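Hi,

Here is the structure I said I would pass on.

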Amino acid sequence: MLRPNFEKMGGLVPAIVQDAESGEVLMLAYMNEEAWEKTLSTGKAHFYSRSRGKIWLKGESSGHIQEVREILIDCDADTVLLKVKQHGGAACHTGYRSCFYRRIRGEGVEIVSPKIFDPEEVYGRKGA
């Protein structure tokens, strides 16, 4: 079976997440071998959190699970593309559908999508 080349990338590979229906890019995260295996075995997107140093199921806190519909691997086997059904409407931990919700316009920034949820209500206050 074709697998990402984790060794080539220092143990982690980028995982681009795309909405399977619309093609919208939702986020970029990283996978290690354990996250890869959990994703394959459960059909739900799992990633490796570099900041927390552990595996996480996308949506385990928010309920905004990503159901994997298709997995593609690039030509060098060092990046994966997950096509998902995004449950709950939002992929971004800041409450937006996509992590790519800001457009650069000259020297300004434009918010290009509505906020789906309030992160403080879902995750609580940081440090609390």
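Predicted model: local features only at pLDDT ≥ 70, side-chain atom pairs only at ≥ 80, totals over all residues.

**Helix α1**

Helix α1 covers residues 33-42, and its buried residues are Ala35, Trp36 and Thr39. Looking down the axis of α1, you will find those buried residues within an arc of 105 degrees, so they line one face of the helix. What do the buried residues of α1 pack against? Their partners are strands β2 (25-31), β3 (46-49), β4 (54-57), β5 (66-73) and β6 (80-86).

After α1 comes Gly43, which has a positive phi, near 80 degrees.

**Salt bridges**

How many salt bridges does the structure hold? The count is eight. Here are some that I looked at.

Glu37 and Arg3 pair through their side chains, at 2.6 Å from N to O. This links distant parts of the chain, as Glu37 sits in helix α1 and Arg3 in the segment before β1 (13-19), 34 residues apart. Glu37 has 37% relative accessibility and therefore counts as partly exposed; Arg3, at 29%, also counts as partly exposed.

Next is Asp19 with Arg97, where the closest N and O atoms are 2.5 Å apart. Asp19 belongs to strand β1 and Arg97 to the loop between β6 and β7 (102-105), so this pair ties together parts that are 78 residues apart in sequence. Is Asp19 buried or exposed? Its relative accessibility is 9%, so Asp19 counts as buried. Arg97 is partly exposed, because its relative accessible area is 22%, and the cut-off for buried is under 20%.

Then there is Arg103 with Glu110, with 3.3 Å between the closest N and O atoms. Arg103 counts as partly exposed at 38% relative accessibility, and Glu110 is partly exposed too, with a relative accessible area of 31%.

Cheers

Key. Residues numbered from 1 in each chain as written. Heavy atoms only, no water. Buried < 20%, exposed > 50% of the residue type's maximum accessible area, 1.4 Å probe, protein only. Helix = DSSP H or I, 4+ residues; strand = E, 2+ residues; numbered from the N terminus. Arc of directions from axis to C-beta. Contact = heavy atoms within 4.5 Å. Salt bridge = Lys/Arg side-chain N within 4 Å of Asp/Glu carboxyl O.
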